[in-house]
Amino acid sequence: MALTITLLNGAYLCGRCCRQKVLHPSLGPLLSNSVSKLYSSYRRPGSQPEKKPSWQNTDFSFKKGIDVLKTQLSMLKKETKDYLIGPRGHPFSQYLLEQTRVLWEFRSQEDLNKWVISSDVEIGGKSEVYLKLGRNNQAALLYGTLNTELPRDGETKYSGYCSMRAKPPVGSFARKKYYDWSNFNSLYLRVRGDGRPWMVNIYTDPYFSHQKDDLYNYFMFTRGGPYWEEIKIPFSKFFLSSRGRVQDDQHPIWLDKASFLKALSISTLGFTIGDKVDGPFQLEIDFIGLLNDRAHTEEFAYETYEKNPQV
């Protein structure tokens, strides 16, 4: 139970701090730090607020604006073409028969650029985390050093976490896009770790502001050693947490992206280490994919409670 709370606290803190790094990729040429300042109200305890208004950091460049417009129009053209063909640009018959799908694989620097790393340095901690391509450019190597020393600000009560998080998919003109995993029931990974436990986090896009810290979590235990391991995690095993605490009201993940459920649709995925053990760590990831395991029939692994039951 202590390990669960420890990893959940790390997942919550890193999720709160690294949100600002994964927004508005299409507006990067136009905005510098204004987006992150507007999106996150977090400020390290003891630091002074910036006196310079955020709009003064905006670069009003006409040439860059035209370039961004051309890029967004080309993305819109491709999205329209894929939509007319079928889901994800594939014929509908092929989409229905799909049994496996690779979401992320790591073979180039471009693949690494789809991810964001963060650590407790953002709240004054001393942990370090790095991400690079592994040997022969065949995997991503996430490594660093965990340090649980608290910052001396008099307010922070927990430190010592590092994380890796995928950037949420964004459509043309910075429209939010969501994943549709309704054809699958399990997450499938090929990793090689050092024996330390990790937390796998699935993020949804909340509709209400009080749900912005909600995460679906489950453990990933690596066995260490020189051999790769293939890990299958059914979606029915993921439990709901908020601000590092497991919630009483549990419900399964919405794997669909229907229009009336977009407030709960999956937006991204990440990994967090925060086991309160100081020292180096490393995790190699070959690929992250989805699997439709027909032998797995469980819908949800945890108790659910009826709201407002009839007496």
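This report describes selected helix, salt-bridge, surface and backbone features of one protein model.

## Basis of the model

The model is predicted: local features need pLDDT of at least 70, side-chain atom pairs count only at pLDDT 80 or more, and totals for chains, interfaces and linings use all residues. Residues are numbered from 1 along each chain as its sequence is written, and side-chain values use heavy atoms, with hydrogens and water left out.

## Helix 3

Helix 3 covers residues 62-85. Helices (H or I, at least four residues) and strands (E, at least two) are DSSP runs, numbered from the N terminus. The expected span of a helix is 1.5 Å times one less than its number of residues.

V68, Q72 and E79 of helix 3 are buried; buried means under 20% relative accessible area, exposed over 50%, and partly exposed in between (1.4 Å probe, protein chains only). An α-helix has 3.6 residues a turn, so residues three or four places apart point the same way. After helix 3 comes G86, with a positive phi near 160 degrees.

## Nonpolar surface patch

F62, I66, L69, L73, L76 and F173 make up a nonpolar patch on the surface, with about 570 Å² of accessible area together. Patches are made of residues with over 30% relative accessible area and no salt bridge; like charges are joined within 9 Å, and nonpolar side chains (Val, Leu, Ile, Met, Phe, Trp, Tyr) within 5 Å. The areas come from the Shrake-Rupley method with a 1.4 Å probe, and for residues only the protein chains shown count as cover.

## Salt bridges

A salt bridge is a side-chain nitrogen of Lys or Arg within 4 Å of a carboxyl oxygen of Asp or Glu. By this rule there are 13 salt bridges. One of them joins D205 and K176, with the closest N and O atoms 3.3 Å apart. D205 lies in the loop between strand 7 (197-204) and strand 8 (214-221), and K176 in the loop between strand 5 (162-166) and strand 6 (186-193), so the pair ties together parts 29 residues apart in sequence. D205 is buried at 15% relative accessibility, whereas K176 is exposed at 59%.

D293 and K232 also form a salt bridge, 2.4 Å from N to O. This pair links distant parts of the chain, with D293 in the segment after strand 13 (279-291) and K232 in strand 9 (residues 229-234), 61 residues apart. D293 is buried at 18%, and K232 is partly exposed at 37%. R107, R190 and D286 are linked in a network of salt bridges.

## A buried threonine

T272 is in strand 12 (residues 266-273) and is buried, with a relative accessible area of 0%. Its side chain makes a polar contact with the side chain of N201 at 2.9 Å. A polar contact is a pair of N or O atoms within 3.5 Å; within protein, one must be able to donate a hydrogen and the other to accept it, and residues adjacent in sequence count only if both atoms are side-chain atoms.

Most residues other than glycine have a negative phi. A174, not a glycine, has a positive phi of about 60 degrees. A174 lies in the loop between strand 5 and strand 6 and is partly exposed at 28%. K276 has a positive phi near 65 degrees; K276 lies in the loop between strand 12 and strand 13 and is exposed at 52%.
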